[in-house]
Amino acid sequence: MDVSTGRPSAPILRVAGLSKSFFGVPVLQDAALELFPGEVHGLVGENGAGKSTLMKILAGVYERDAGTIEIDGRPVSFTHPVQARRAGLSTVFQEFNLLPERSVAQNIFLGREPRRGLLVNRREMNDATAELLAELGITDIRPTATLASLSVAQQQIVEIAKAVSYDARIISMDEPTAALAGAEVELLYGIIDRLKERGTSILYVSHRLREIFDLCDTVTVLKDGRVVASAPAREFDDASLVRAMVGRPISAYFPDPSPGTAAGIPLLELSGCGNHQLDGVGLTLRAGEIVGVAGLQGSGRTELVEAVFGAAPFTRGSMTLGGRAYNPGSPRDAIRHRVALITEDRKAQGLSLNQSIIDNALSVVRSVHPGRTGAARRDAPNVFSSLEVVARDLDQEVQYLSGGNQQKVVLAKWLAIDPQVVLLDEPTRGIDVGAKVAVYTLMRRLAQEGKAILMVSSELPEVLGMSDRVLVMRDGRLAGELPAGATEEQVLQLATGARGVHS
Ligand SMILES: Nc1ncnc2c1ncn2[C@@H]1O[C@H](COP(=O)(O)OP(=O)(O)OP(=O)(O)O)[C@@H](O)[C@H]1O
Ligand SMILES: [Mg+2]
């Protein structure tokens, strides 16, 4: 032990002088960090700061231009994740790549299947998977289930279980909770606790500051590829960490609605709407307002916006849009009516990774409202600069953008259709704090332009900070409505059906 720091004195991983450029653009410059046994080390920074690049270099996905990486004091250089895993380092990548048609067990044991003779011993593989899942406290995923049958959150949990299954001494996790909410985040916390107890070290990337403070012993901040701060987590608070990441203090997190803007005419009305997952949903969404939708995972929030978007239509009840009957049978139909749905799932949102930013941004408008393409193209530079997209130029291929910047392209793509109703499902997942504020400001501006906004979010501060009123869902129904200024407790009471102490 080093007396001054209270830490074991030898780091298990030591990175120094790490540099990397892409096409001559420096992405990491002289980056350094030390990871100690049993330590959870947070790596934070804005979208495009270089976090994923650092992790990919460690894992052997990218080659470094300069610098040293040592494990247990020995210099290492990996050219493939398999080599890194053999040396005790496994990675949960931001864009995970599991095989959708294979089972959970097949995905976990890919390339190292237990065999009997020449054949894969499925029984043993399934048993070992069941044991692994049970050990990690994962009870709702069967080893034989195909990946495609699982929710995005469950797939993420499988990816984490897979990384853990290598018995690595170092696990790096790149935004492991981006697709997780509530109970699943708790599950990951439990897994991390167990790993720590075993002495495993974890390098942890997240945009959720709450997680950084809950989980991490040490935090390193990257800005524009350089380490600008590295210290024990307790030496930071929210404000100082944000300032280190963004380079400026952020005061007004949630923009105020400008005075005098009142909700206008009803744009979208639902009455008695239902389908196999929803029942008796009635609501009115007016021009100029932002309405939040809160509720527990599985309460029907996502199903609600998907039904309004025609992705999983209502089978009962009636909807009107701008006073006319509105029954979208498909998303295309909804888009024709200038209804947009922005979700956090980049993959399902169908970004074409090998196409340029601008082509992606114009893809929906081109196919559904070709007449608006020219106007959308002219708007694009403004939209991208207000979203603070970090890219060389708009002709850059989307695959080269950082995860958060890809998310912003998804936003831009939907804004291009000039929607009258904007549905948002977890709009700020994976987006850095500075850009979150940009998205919030943009939402306010859209509302001021007379659009109606319905936003689903699991982050209560976001729902309460942004919404003019909040609808709370429970078991596929609207459990109630709360005015702006409601408290987290009131939302939770409605969401869980718990009776208030005084009511
Ligand atoms: N293969 C690549 N080719 C070219 N540029 C790349 C490539 N990978 C990353 N970049 C660029 O490197 C920079 C850092 O990206 P990186 O993915 O490391 O950011 P990040 O910190 O993980 O951001 P986020 O929070 O958005 O995930 C970005 O500007 C990105 O566009
Ligand atoms: Mg990243």
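Reader: How many residues of domain 1 are in contact with how many of domain 3?

Author: In this predicted model, eight residues of domain 1 are in contact with seven residues of domain 3. On the domain 1 side, the touching residues divide into two nonpolar, four polar and two charged.

Reader: What makes these residues count as being in contact?

Author: The cut-off is 7 Å between C-beta atoms. Eight residues of domain 1 and seven of domain 3 take part in such pairs. The C-alpha centres of these two domains lie 29 Å apart.

Reader: Where do the domains run?

Author: Domain 1 covers 13-246 and domain 3 covers 346-418. Domain 2 is written in two pieces, 265-338 and 419-503.

Reader: Which domains does the shell around ligand 1 draw on?

Author: Domain 1 and domain 3 each give at least three residues to that shell. Helix 1 (51-59) and helix 13 (403-415) each supply at least two.

Reader: How does the shell around ligand 1 divide by class?

Author: Eleven of its residues are polar, six nonpolar and two charged. Gly counts as polar in this scheme, so Gly403 and Gly404, two of the closest residues, fall in that class.

Reader: Which residues have the most contacts inside the largest nonpolar core?

Author: They are Ala161, Tyr204, Ala340, Ala416, Leu423, Ile453 and Val470. The core has 143 residues in total. Helix 14 (residues 433-448) gives the most, with eight.

Reader: How many residues of the protein count as buried?

Author: Of 503 residues, 45% do. To be buried, a residue needs 20 or more other C-beta atoms within 10 Å of its own.

Reader: Why does the radius of gyration agree with a compact globule?

Author: For 503 residues, the globule rule gives a value near 23 Å. The protein has 24 Å, so the two agree. Its C-alpha atoms fill a box of roughly 70 × 50 × 50 Å along the principal axes.

Reader: What share of contacts links residues 24 or more positions apart?

Author: Among contacts with a separation of 6 or more, 69% do. The secondary structure comes to 16 helices and 22 strands.

Key. Residues are numbered from 1 along each chain as its sequence is written. Chains are lettered from A and ligands numbered from 1 in the order in which they are written. This is a predicted model: local features need pLDDT of at least 70, side-chain atom pairs count only at pLDDT 80 or more; totals for chains, interfaces and linings use all residues. A nonpolar core is a set of buried Ala, Val, Leu, Ile, Met, Phe, Trp, Tyr and Cys residues joined through C-beta atoms within 7 Å. A residue is buried if 20 or more other C-beta atoms lie within 10 Å of its own, exposed if 12 or fewer, and partly exposed in between; C-beta atoms are placed from the backbone. Helices (H or I, at least four residues) and strands (E, at least two) are DSSP runs, numbered from the N terminus. A residue is near a molecule or strand if its C-beta atom, placed from the backbone, lies within 6 Å of it. Domain bounds come from an automatic or database domain assignment. Two residues are in contact if their C-beta atoms, placed from the backbone, lie within 7 Å. The radius of gyration is taken over C-alpha atoms; the globule rule is 2.2 Å times the number of residues to the power 0.38.
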